[in-house]
Amino acid sequence: MENNTLKRFMELLSVPSKTYREDRMVNYLMGVISKMDGVSVYKDEHGNIYATKGILESGHYPMFIAHTDTVHEMVEEIVVVKTLLPKPNTFGMTFDPTVQHKSLKAITPDGDPTGIGGDDKCGIFICVELLEKLEYCKVGLFVSEETGCVGSSKCDVNFLKDVGYAIQFDAPGDALITELCSGVRLFEQNGEFINQVLPVIESAMGTKMLRQSHPYTDVSQIKKKGDFSCINISCGYYNMHTPNEFIVVEDVERAIDAGLNIVEKLGYNKFEYGYEKPSHLQYGLFNLGDTSDEDDDDIDNPPFDTDDFELDMDFNKAIYYEGLLSIIDKETNSSVVLTETEIEDLYNHLREVMTRRYWDY
């Protein structure tokens with residue numbers, strides 16, 4: 001990463017931000033984006049930021065997404081330090097512990113570790129860089145994702161009317177893409193969109209990408225509101241949600257390249273994909289942390305009138321058949337089988353834990 005680019009990145013990382021205490025970050029970003037040539041930007045009543053670069057006479061905008069909050073405790077000052085670190089094993093990704101990577105961590109002025117907030121300051125920086133580099137694009141930066149996609153659930157739908165496809169940068173490591181989010185399918189499983197973008201992403205990131213089911217992030221809300229394909233990809237943060245969180249600089253650079261190359265490949269076309277409401281059971285399994293639909297019966301009283309289904313992921317397979325849910329480890333072929341009563345008990349327990357975790361301030 002060039003010195004000036006790294007300096008901008010470190011400046012952004014030094015801005016404190018915590019869910020519901022995001023004013024400093026939002027104001028910082030409004031200041032940065034409003035100075036960009038050819039960019040129009042506005043902020044809604046919730047604090048969400050919407051930016052548009054260029055005026056397309058025909059076609060549709062690519063849209064890039066990130067969230068402005070982090071889970072870390074607020075500190076008055078964040079000191080960003082350069083270091084060399086090995087990548088830890090992350091969500092099924094394994095790395096050589098002897099290889100050191102140029103990384104960024106955060107400490108307080110007293111030298112105590114504090115979370116750098118790569119989740120999702122990495123995503124923010126990537127979106128801002130793409131906004132600067134591309135001739136035409138849109139960017140949505142949403143507040144309070146960490147408590148259940150609160151900001152994106154209130155997204156200005158008019159902003160989405162001329163979007164052709166959306167890419168969020170909010171997955172850890174360097175090799176993950178989100179296919180299902182909160183039980184919502186983001187793109188057609190073997191459709192034109194994923195068949196075109198997957199090789200582009202893998203080439204830019206320098207690795208084979210693993211498809212995953214993400215508990216929740218903003219792109220699930222955007223998919224509900226838009227009729228276009230979406231995806232979420234890794235953006236270089238590790239040890240997320242801990243004081244020892246760090247960022248691998250090269251991974252952030254690669255994610256920026258992925259964004260640029262996707263637009264070069266897909267252009268300003270629209271890749272249509274309508275919202276498919278997940279079954280009640282699928283919604284419950286993947287939506288434990290999403291509080292954006294708190295009044296929805298799907299959450300408060302998850303029924304089991306769903307049809308049988310099968311979900312095939314990279315490491316596990318879930319099969320629901322005649323009232324039994326089997327979760328199978330594809331490597332060992334070991335499995336866990338749950339009855340409807342056990343599923344509901346587990347769901348309610350995890351829901352309670354997730355709610356306490358994300359609302360305890």
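Which residues of helix 6 are buried? The buried residues of helix 6 are Val-249, Asp-251, Val-252, Ala-255, Ile-256, Ala-258, Gly-259, Ile-262, Val-263 and Leu-266, where buried means under 20% relative accessible area, exposed over 50% and partly exposed in between (1.4 Å probe, protein chains only). The model is predicted: local features need pLDDT of at least 70, side-chain atom pairs count only at pLDDT 80 or more, and totals for chains, interfaces and linings use all residues. Residues are numbered from 1 along each chain as its sequence is written, and side-chain values use heavy atoms, with hydrogens and water left out. Helices (H or I, at least four residues) and strands (E, at least two) are DSSP runs, numbered from the N terminus.

**Helix 6**
- Helix 6 has 18 residues, and its first and last C-alpha atoms are 26 Å apart, close to the expected 26 Å (1.5 Å times one less than the number of residues).
- Gly-267 follows helix 6 and has a positive phi, near 65°.
- Arg-254 and Glu-250 are four residues apart, so about one helical turn separates them.

**Helix 1**
- Thr-5, Leu-6, Phe-9, Met-10, Leu-12 and Leu-13 are buried in helix 1 (residues 3–13).
- These residues lie on the same side of helix 1, because they cover an arc of only 160° around the axis, taken from the directions from the helix axis to the C-beta atoms.
- Asn-3, Asn-4 and Lys-7, on the other side of helix 1, are exposed.
- The elements that the buried residues of helix 1 pack against include strand 4 (79–85), strand 5 (101–107), strand 13 (246–248) and helix 6 (249–266), with contact meaning heavy atoms within 4.5 Å.

**Strand pairing**
- Strands 4 and 5 are antiparallel and share seven bridges; pairing requires at least two bridges found by DSSP.
- Val-79 is opposite Ile-107 in strand 5.
- Strand 5 also runs antiparallel to strand 13, with two bridges, and Ser-103 is opposite Val-248 in strand 13.

**Other salt bridges**
- The whole structure has nine salt bridges.
- One of them joins Asp-174 to Lys-87, with closest N and O atoms 3.0 Å apart.
- Asp-174 is in the loop between strand 7 and strand 8 and Lys-87 in the loop between strand 4 and strand 5, so the pair ties together parts 87 residues apart in sequence.

Definitions and conventions
Salt bridge = Lys/Arg side-chain N within 4 Å of Asp/Glu carboxyl O.
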